[in-house]
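Welcome! Take a look at the sequence and the 3D structure, and then we can go through some questions together.

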Amino acid sequence: MSVDRERRDPDREHDSQIYQYTQQREALLSFHAARSDQAVRRKNRKPEDIRTPYSRDADRIIHTRAYSRYIDKTQVFYLVENDHITHRVIHVQLVSKIARTIGRCLRLNEDLIEAIALGHDIGHIPYGHFGESCLSDLCKKHDIGKFFHNVQSVRFLDRIEDQDLTMQVLDGILCHNGETDDVRISPEPCPDWGAFDRKVQTNADGIRSGAPMTLEGCVVKFADTIAYIGRDLQDAQEVGLVNTMTDIPLECKEVLGTDNRAIIDTLIHDLLNHSDADREGFITYSPEVEHALVTLRAFSRERIYNNPKLTAEREKIRTMYRILFLKYLEDVEAERHDSKIFTEFADSPWVSRDYIHSTSPAGLVRDFIAGMTDRYFLKRFEECVLPHRVEGSFR
């Protein structure tokens, strides 16, 4: 027997033991939990390995270019220089941790929860939700529809970087938003890839297409709110938009608590006490907590998200988006391959050729800008509008 054969045989035996352990572990999950043998991929280019399909998806997401750009994307407070406020990369970690805590208590699939949580905000763009509205206006003007960050997340992972993720993960990412209207969520089946693609298009058309196909996806939707609602108040205090956490409405203090830690603790425990993962299969808060949460969102909208101190520079940002969009659209249409949109995006080996050949010039510009960090966006803008200075001589 060759040395190579001797090395391979124990590996196969060990892999079998790992697979058996995974089956035993998943047998302990709740009735409505997603299991590994239910995972569906679009292309199946590579055989599965010792990881569960959903754990493998989490690894694939972490190694994407899009994931690495979380590091400098705004969560709420754009144009604020403060290392102690939340950026998108921290928010994603918080969502993952909170969602996995909930999932463990409800005996759901933590691997699936982690993958959805890690990828759920990849489609967010420079300057947060306001940047999204700026880009959406430009997309509509150039006849490619509105822009939605949840659809963009799927586009980055499924088309641009072509990661061949499972439908369960992509569906959870697509359906993570819109949590402000959700009081009780139950999974809605998605039978095949045709149905999923129609679901993506429905969201791209601006119509919410319902709940995720898994209870794990439902958990991530709730965890998204739990991660940001108290943290945004904490950050608002850090940057001087809220004096103290005691400024929040009395009802919210009495029901939810007066700091981020208490709010997270209250929301998680209430969710666990009122959700059902074994019989009917749904995730929900109590009416009392849901009402307090709605009140707290309204307070945050007025005192934080629409605060004049935060919104004062918005028209400048809108102008920046317009200039960059038109500049790169002109570069694509003129096929200027020395432009950044080619050298750092369209001509890059990590971008799918199928995507490039099937996407319009305006679509390429949308996706290039959507992938930018705040810092990179500002640098490209300065490059477009500021004259280049020569140091010493032209030699």
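**Cysteines, a helix pair and a proline**

Cys252 has 0% relative accessibility, so Cys252 counts as buried (under 20% relative accessible area; exposed is over 50%, partly exposed in between, with a 1.4 Å probe and protein chains only). This is a predicted model, where local features need pLDDT of at least 70, side-chain atom pairs count only at pLDDT 80 or more, and totals for chains, interfaces and linings use all residues. Residues are numbered from 1 along each chain as its sequence is written, and side-chain values use heavy atoms, with hydrogens and water left out.

Q: How far away is the nearest cysteine sulfur to Cys190?
A: A disulfide is a pair of cysteine sulfur atoms within 2.5 Å, and the structure holds 0 of them. Cys190 is thus in no disulfide, and the nearest cysteine sulfur, that of Cys175, lies at 8.1 Å.

Q: Are α8 and α9 roughly parallel or roughly antiparallel to each other?
A: Helix α8 (residues 167-174) and helix α9 (residues 193-204) pack with their axes 11 Å apart, at an angle of about 15 degrees. Angles under 35 degrees count as roughly parallel and over 145 as roughly antiparallel, with 65 to 115 roughly perpendicular and the rest oblique. The two helices are therefore roughly parallel.

Q: Is Pro249 buried, partly exposed or exposed?
A: Pro249 sits in the loop between α10 (215-238) and α11 (250-255). Not counting residues up to four places away in sequence, Pro249 touches Thr295 and Phe299 (contact means heavy atoms within 4.5 Å). With a relative accessible area of 24%, Pro249 is partly exposed.

How values were computed. Axes fitted to C-alpha atoms, helices over the stretch in contact; angles between N-to-C directions. Helix = DSSP H or I, 4+ residues; strand = E, 2+ residues; numbered from the N terminus.
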